[in-house]
Amino acid sequence: MTLRAIVIGLDAATPRLIDKWIDKLPNLKRLTERGVHGVLESIVPPSSVPAWQCFATGKNPAKIGNLGFIYIGRDLQIKHGKTIPEMGCIWDICSKAGLKVGVFNVPGTYPPYPVNGFMVSGFPIQPGKAWTYPADLMKKLDSGVGGYEADVPLAKPSEMKGGEKAYLSEVERLHSKSVESARLLLEWFRPDLFVMTLQGLDMVQHDFWHFMEDPGSQYANVVEDWYVRMDEAIGKLTQNVGEDTYVLVMSDHGSAPVSKSLYINEFLRSQGMLACNDNGGERAREKGSSRRVREFAIRHVPPRIVRTIYNHSPSFISNRLTVSAEMERVLRDLVRAIDWKRTLAFSTGGHGAAIYVNSQPEAPAELSETIARSELVGKICDLLSDLTDPVSGEKVRPVFYLGAKVFRGPYQSEAPDLCVELFEEDKKIQVNPRLGSRKIWSSSSHFAATHVRDGFWTLTGPQVRPGITQDAGILDLAPTLLSLLGLKADDDFDGRILDSIFSKTGSR
């Protein structure tokens, strides 16, 4: 059986950095010269989940019912974005058409489900639970790579013993095992379609981007080195690919440096739009204190011990070591702290600063009219448009996305009413949803870099015109690839088939 298409996802690969270092990236350079490449506009919000699911389905989040890794539903319950067969991902369509498919390490694909081939779930997974289909593949993969790993438990170098060097070692081991796992899976199963992702770039950019601005730092070249490492991985994974195979390399979003943090709910509180229960904000602050104590303890435990705890402990222990679990705690604290009788709007933060108008039955009476809700969204836009940097005095540049326009489908009512990205020149302001800080701005941020919508893509294959540059949307890629594979595109796609990249012999 011949591999007909391989999709290599490079989480957070950023087009301007690829352009900057392209002469050091021979495999990417070869692909861009042989096919099409350009900027790939991600979805709103530019988060790995639901961006990978939106890529795979060609549909927006409200159409597939996946609004993120974790979010607050309109019923105030914590929801987790999942991938299910009913979404109609590209691997589901190919599987139903009789093609053998392989899905490896795609974020948000836990729990795995049956396909005509195999699925190895990407993060976040539940340690101790089945993370592959078929289930017996777990043992084989574990044995093949000396202990498979889906994630690095600790989120930041500052949270681990050994700091930056220890963190880079953890990411390197995860990356090496991911590349070797992908190579083995291709060898074992020989699928027609293989879809995979690698997380290293995102993990490194989040915490090492700022070192690029300090040439004297021992970490000044870390990000560049990781682009080279990803390029080498592309070379390994495509070295035996024939000319009749479609090769798509893409990112789910890009990255940009962070300037500072905005405590969005504290901002809404200062504008009289959000109210806390008695001492609600203080309780949230106390929760933050306990989190800091836990982080202090973890910082003194060697990473290999933390990794062992993560891989072999019950979920109620291992979950405490993950980013998603930390975010869940933040959102639960938020639900408990807010006085829903006196609150007009709140935010769950994230890369799109998701803002919701209060839709609870006990919400203020003034929100009962649709026009009042629309006016409130407009007022929030006006307030955010007037934001200025408290240090420089420079005006912040907001980019707004009205929920009614970007979220379309049966799950639209669950989606945010407003998303916004805030920029200062070429830097992005990180939005923090925590309550209890009693401040609106912070010069320190959790990450050195955060997500933006501009990602990267390049596609080569027998029916793709060589050497052209074309920007595209992430929703366009699945329908385009399905068309190239000769499979009927779903009429319900939000993306479009990129006919202009087809050669004359491949036009449809």
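User: Is Glu414 buried or exposed?

Analyst: Glad you asked! Buried means under 20% relative accessible area, exposed means over 50%, and partly exposed lies in between (1.4 Å probe, protein chains only). Glu414 counts as buried because its relative accessibility is 17%. This is a predicted model, where local features need pLDDT of at least 70, side-chain atom pairs count only at pLDDT 80 or more, and totals for chains, interfaces and linings use all residues. Residues are numbered from 1 along each chain as its sequence is written, and side-chain values use heavy atoms, with hydrogens and water left out.

User: Where does Glu414 lie?

Analyst: Helices (H or I, at least four residues) and strands (E, at least two) are DSSP runs, numbered from the N terminus. Glu414 sits in the loop between helix 16 (403-406) and strand 14 (418-424). Its C-alpha is 7.8 Å from that of Ala62, though 352 residues separate Glu414 and Ala62 in sequence.

User: What about Ala256: buried or exposed?

Analyst: Ala256, part of strand 10 (residues 254-263), is buried because its relative accessible area is 6%. Between the C-alpha atoms of Ala256 and Phe423 there are 9.8 Å, and along the chain 167 residues.

User: How many disulfides does the structure have?

Analyst: A disulfide is a pair of cysteine sulfur atoms within 2.5 Å. Searching the whole structure gives 0 disulfides. As for individual cysteines, Cys94 is buried at 0% relative accessibility, and Cys276 is buried with a relative accessible area of 8%.
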